[in-house]
Amino acid sequence: EQTTKMTLTIYQVDAFASELFSGNPAAVCPLESWLADDLMQSIAAENNLSETVFFVAQDEGFHIRWFTPMAEVDLCGHATLAAAFILFNQLSYSAQEIIFYSRSGELKVTKKKQWLTLNFPLQAPKVCLLPRSVKQGMNIQPIETFEAVDLILIYENEQQIAELTPDFNQLKEITQRGVIVTAPSKSCDFVVRYFAPELGVPEDPVTGSAYTQLAPFWQSKLNKKNFHANQLSSRGGELKIEIKQQRVLISGQAVLYLTGEIQIG
């Protein structure tokens with residue numbers, strides 16, 4: 001059977017970073033029309049980054065989809081930031097705002113100098129019980145447990161977040177997407193780490209979508225609507241967060257690492 005050869009442009013972007021080799025790397029694949037789902041999944045697996053993002057022009061904006069090496073996901077912050085960065089900086093998108101249509105509804109990204117701001121739906125967490133597998137899988141126990149899309153573990157201080165060494169096999173047992181750990185900080189408002197071993201991402205360097213759940217939690221604790229947060233992964237990441245009604249504005253910078261071509265067929 002003849003398959004037509006196809007060349008796709010691919011970019012790799014460090015998102016939530018102001019310099020290379022920090023923040024969270026995402027692969028960005030602009031498409032003229034959708035590829036087969038299994039092909040997009042294969043590309044994401046081959047890239048072996050926490051997310052590969054694909055988009056196709058639609059209406060006034062772009063239809064966007066995100067894939068981890070193992071599965072398609074409903075929402076991804078850093079890869080959306082990376083896609084917007086490529087549109088603004090590589091694909092001559094001239095307006096100051098991009099609309100993405102996604103499984104999680106309409107997402108807008110605006111540009112202000114070096115900062116890109118994601119406009120995401122707020123996802124308020126509720127108190128829950130700490131699952132036994134997570135209790136066994138964490139070397140330090142949290143003081144409170146919440147859940148929304150993810151399981152959210154609250155700790156007393158930044159040092160505990162830095163010293164966590166989870167057992168990823170235990171964390172795979174949870175029913176939520178992943179595990180967020182967070183604590184107040186002296187250097188910023190709060191610090192975060194994120195683990196999603198079930199999705200093939202043991203620790204995610206920076207997790208934009210986690211802040212849609214963290215913003216309402218920290219609003220209730222700190223009684224404010226604007227936050228400066230750091231994700232304490234080995235690569236590190238810096239974010240500015242603002243709550244506006246039922247939306248969370250997540251701002252970060254991004255840097256282009258690579259431009260290449262994928263040969264298919």
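Student: Which strands form a hairpin with three residues between them?

Tutor: That's S10 and S11. Keep in mind that this is a predicted model. S10 covers residues 144-147, and four bridges join this strand to S11 in an antiparallel arrangement.

Student: How should I read the two faces of S11, residues 151-154?

Tutor: Start with the general idea: side chains in a regular strand alternate between the two faces of the sheet. In this case, Leu 151 and Leu 153 sit on one side of S11, with Ile 152 and Ile 154 on the other. All four are buried, so both faces of the strand are covered.

Student: Why does Ile 152 count as buried?

Tutor: Because its relative accessibility is 1%, and the cut-off for buried is under 20%.

Student: What does Ile 152 touch, if I skip residues up to four places away in sequence?

Tutor: Its contacts include Glu 144, Thr 145 and Phe 146, and S10 spans residues 144-147.

Student: What does Leu 214 contact beyond its sequence neighbours?

Tutor: Setting aside residues within four places, Leu 214 contacts Ile 152, Ile 180, Thr 182, Phe 190 and Val 192.

Student: Which residues touch the most other members of the largest nonpolar core?

Tutor: Leu 214 is one of them, along with Val 28, Trp 66, Phe 100, Tyr 211 and Ile 250. That core has 56 residues, and helix H2, residues 77-89, gives the most to it, with nine. There's also a second, separate core of 17 residues, which includes Ile 140, Tyr 155, Ile 161 and Val 179.

Student: Which residues make the nonpolar surface patch?

Tutor: Leu 20, Phe 21, Tyr 257 and Leu 258 make a patch of about 380 Å². Leu 258 lies in strand S17, residues 254-264.

Student: Why is Leu 258 called partly exposed?

Tutor: Because its relative accessible area is 33%, which falls between the 20% and 50% cut-offs.

Notes:
Residues are numbered from 1 along each chain as its sequence is written. This is a predicted model: local features need pLDDT of at least 70, side-chain atom pairs count only at pLDDT 80 or more; totals for chains, interfaces and linings use all residues. Side-chain values use heavy atoms; hydrogens and water are left out. A nonpolar core is a set of buried Ala, Val, Leu, Ile, Met, Phe, Trp, Tyr and Cys residues joined through side-chain atoms within 4.5 Å. Buried means under 20% relative accessible area, exposed over 50%, partly exposed in between (1.4 Å probe, protein chains only). Contact means heavy atoms within 4.5 Å. Two strands pair if DSSP finds at least two bridges between them. Patches are made of residues with over 30% relative accessible area and no salt bridge: like charges are joined within 9 Å, nonpolar side chains (Val, Leu, Ile, Met, Phe, Trp, Tyr) within 5 Å. Accessible areas come from the Shrake-Rupley method with a 1.4 Å probe; for residues, only the protein chains shown count as cover. A salt bridge is a side-chain nitrogen of Lys or Arg within 4 Å of a carboxyl oxygen of Asp or Glu.
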